Amino acid sequence: MATNPLLELPHADENRDRVEEQLRLAVTAPTEAMTDMAGHLLGAGGKRVRPLFAIAAGACRPGGSDGPAPIDVVRGGVSVELVHLGSLLHDDVIDEAETRRGIDSVNARWGNLRAILAGDFLLAKASEIAASLGTEVAGLLAATIGELCTGEVVELDDAYNVERTEAAYFQAIDGKTASLLATACRIGGIVADLPRDDIDRLTQFGKAYGMAFQIVDDVLDVIATDEQLGKPAAHDLVEGAYNLPTLRALAGPQGDELRTILGAPIEGEAWTRARDLVRQGDAVPSAIATAQTYVDRACDLLTPFEEHPAALGLQGASRHLIASLDAVRTTA
């Protein structure tokens, strides 16, 4: 599988090391127990897409930069990553997940109460960093946390609803996923003092990328294995979070049979049959085509910045989404 183009940019290794350092500093708590819980997922790795996007967006400023990212841009990206990590801890409690990124989830190891508190700690540290970067960044991050919660509630309200609309699905992923990526780009632009029009365009890019990112993730949930995902596959079917491939399958020729299976928690043969039905027909290719339209929009939004290597890296990262999905499809 090809390397993410953002990791091939000048100073990428140094910037990534600084992200990891700032993350470790942020999760260090007054007690060893909280430090262990808050930093648990750091040891499992992660792509660090959000801080890398903040750094790349900041590098799209007029005149460019020949050196590593300014530390405040790195810290701005880290604040968004901490929100993401905190939301994962909360999501795992909601989903009663036992694993995350191939290791025990925080709730499985320490219990739901401590997992919630550790997630809250990460959100608090994110807010602390954002506040140090100015009132605009602090307000933006707070609003994004609100969007995240709203997106989660929209999804919970539609749990096990076989009549869930695509409009409701897109509203949910806009809040849960795309808002964070848009905010990462916006914070990078704000802290790097880019022109306002450029900041707005980069924000729109992050939103389009985030929509594609979540659709691809939902396709992977249907077609990939537990090992490829680092978590249980087709878990959305179990949790009743019917994603775009499932909604397209429900609207297709296999929809009648699929409705007789879905609408409540499933396991065993029912789960296997439901997954097979979603995999059949045009549901998965149709969802991938929708993801491609968002990728195309994301790349088009970056056209004015194409003299910057960072913008080319962001375009490459957008195209990498579909390429990575194709790689999984060939081995599924």
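Colleague: Is Gln214 buried or exposed?
Modeller: This is a predicted model, in which local features need pLDDT of at least 70 and side-chain atom pairs count only at pLDDT 80 or more, while totals for chains, interfaces and linings use all residues. Residues are numbered from 1 along each chain as its sequence is written, and side-chain values use heavy atoms, with hydrogens and water left out. Buried means under 20% relative accessible area, exposed over 50%, and partly exposed in between, with a 1.4 Å probe and protein chains only. Gln214 has a relative accessibility of 14%, so Gln214 is buried.

Colleague: Which residues is Gln214 in contact with, leaving aside neighbours within four places in sequence?
Modeller: Gln214 sits in helix α9, residues 196–223; helices (H or I, at least four residues) are DSSP runs, numbered from the N terminus. Contact means heavy atoms within 4.5 Å. With neighbours within four places in sequence set aside, the contacts of Gln214 are Tyr169, Ile173 and Thr177.

Colleague: What is the relative accessible area of Ser79?
Modeller: Ser79 belongs to helix α4. Beyond its neighbours within four places in sequence, Ser79 touches Ala126, Ile129, Ala130, Leu141 and Ile187. Ser79 is buried, and its relative accessible area is 0%.

Colleague: Are α4 and α8 roughly parallel or roughly antiparallel?
Modeller: Helix α4 (residues 71–95) packs against helix α8 (residues 166–191) at about 160°, with the axes 8 Å apart. Axes are lines fitted to C-alpha atoms, for helices over the stretch in contact, and angles run from 0 to 180 degrees between N-to-C directions. Angles under 35 degrees count as roughly parallel, over 145 as roughly antiparallel, 65 to 115 as roughly perpendicular and the rest as oblique. That is why α4 and α8 are roughly antiparallel.

Colleague: Which residues of α8 meet α4?
Modeller: From α4, the residues taking part are Asp72, Val73, Gly76, Ser79, Val80, Val83 and His84. Their partners in α8 are Leu180, Thr183, Ala184, Ile187, Gly188 and Val191.

Colleague: How far does helix α6 reach from its first C-alpha to its last?
Modeller: Helix α6 covers residues 112–132, which is 21 residues. The expected span of a helix is 1.5 Å times one less than its number of residues. For α6 the expected value is 30 Å, and the helix comes close to it, reaching 31 Å.

Colleague: Which residue just after α6 takes a positive phi?
Modeller: Within α6, the buried residues include Phe121, Leu122 and Lys125. Just after the helix, a positive phi of about 120° belongs to Gly134.

How values were computed. Helices (H or I, at least four residues) and strands (E, at least two) are DSSP runs, numbered from the N terminus.
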